[in-house]
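Open the model in your viewer and keep the selection tool ready.

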Amino acid sequence: MNNPPPTGPENPDAPIVAVTGAGGAVGGRVARRLARAGVPVRLLGRDPSRLPELPGAVAAPPARYGDGEAMRRALAGAHTLFLVSAHESPYRVREHTTAVDAAVAVGVERIVYVSFLGAAPDATFTFARDHWHTEAHIRAADIRHTFLRDSLYLAGIPAMTGADGVLRGPAGDGRVAAVAHDDIADAAAAVLLADTESADTRHDGITYDLTGPEAFTLAEAAEELTRVTGRTVTYLPETREEAYASRARYGAEDWEVAGWVTSYEAIATGEMATVSDAVPDLTGHPGTSLATFLREHPDSYRHLLESD
């Protein structure tokens with residue numbers, strides 16, 4: 001490598017945790033929790049201007065997952081890599097494997113990877129297949145690892161609801177145990193701190209399903225949104241053909257629309273219905289319900305109030 005690793009207020013005697021996506025919803029939350037615990041944090045993000053300023057944290061040189069040299073430079077000297085999955089794209093698996101290989105090459109000892117519930121090579125949700133292939137690559141690498149398989153985000157439920165008050169998709173009567181970003185971050189921090197603070201390896205080789213405390217149908221989600229917004233919100237079950245047609249107006253590429261549609265279809269097949277105790281077991285507090293999330297995050301459904 002031609003460039004030195006990042007320098008800054010990191011304690012050279014403490015293991016450094018490199019947090020990717022540190023300017024985002026999951027990575028940013030995890031970085032803040034680690035910083036509050038006094039852990040030296042290396043912040044990685046696509047947009048340096050979005051990285052938080054935290055005590056004991058330094059920003060790595062800009063690096064994209066698919067740029068092996070830049071990732072090696074950004075990760076040099078880190079003990080643990082908290083790997084938030086890249087934005088969906090046809091090349092996401094390649095980007096993930098390049099980042100993993102970079103971590104191994106510079107001696108990173110551990111990867112905690114943010115995966116997805118039900119990750120499998122034949123998962124209904126097409127993006128969940130990317131996660132399975134990434135997991136397989138990490139398993140094959142000579143590195144300690146933990147997988148955090150998140151369910152759909154609770155924030156996504158109101159976000160998927162149109163300004164017309166209709167939550168539409170081919171989810172049928174299936175259920176989803178959506179999870180809050182804060183619960184994911186609390187669980188991730190618990191896993192990361194167990195090793196960085198006391199060399200506790202009990203999470204090595206473990207896969208945790210991170211879900212909310214209840215699995216609900218989208219019709220029930222619409223009822224909850226109706227209660228909290230005071231306007232009528234309905235769930236409109238679509239066929240696959242109707243789902244593709246209703247999303248055609250966005251002009252997205254085929255692979256992206258397929259991801260949107262199959263996320264609902266995975267609910268219909270029961271692949272999102274898992275309710276796990278991992279969040280309370282790891283964090284010591286109950287998971288966040290949809291009702292609680294909506295009560296605490298009114299901005300999540302602001303578009304429904306403004307359109308009424």
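Lys and Arg count as positive and Asp and Glu as negative, with His and the chain ends not counted. Each charge is placed at NZ of Lys, CZ of Arg, CG of Asp or CD of Glu. Select these side chains: the protein has 27 positive and 43 negative ones, and the centres of the two sets lie 3 Å apart.

The model is predicted: local features need pLDDT of at least 70, side-chain atom pairs count only at pLDDT 80 or more, and totals for chains, interfaces and linings use all residues. Residues are numbered from 1 along each chain as its sequence is written, and side-chain values use heavy atoms, leaving out hydrogens and water.

Switch to cartoon view. You will find 12 helices and 11 strands (DSSP runs, numbered from the N terminus: H or I of at least four residues for helices, E of at least two for strands). Now show the C-alpha trace, which spans about 55 × 35 × 35 Å along its principal axes.

Go inside. Buried residues (under 20% relative accessible area, 1.4 Å probe, protein chains only) make up 52% of the 308 residues.

Next, select L34, F82, I111 and L210. In the largest nonpolar core, of 57 residues, these touch the most other members. Such a core is a set of buried Ala, Val, Leu, Ile, Met, Phe, Trp, Tyr and Cys residues joined through side-chain atoms within 4.5 Å. Highlight helix α6 (residues 181-198): it gives this core its largest share, seven residues.

Last stop: another core, of 31 residues, lies apart from that one and includes A120, A128, L218 and L290.

Conventions: Buried < 20%, exposed > 50% of the residue type's maximum accessible area, 1.4 Å probe, protein only.
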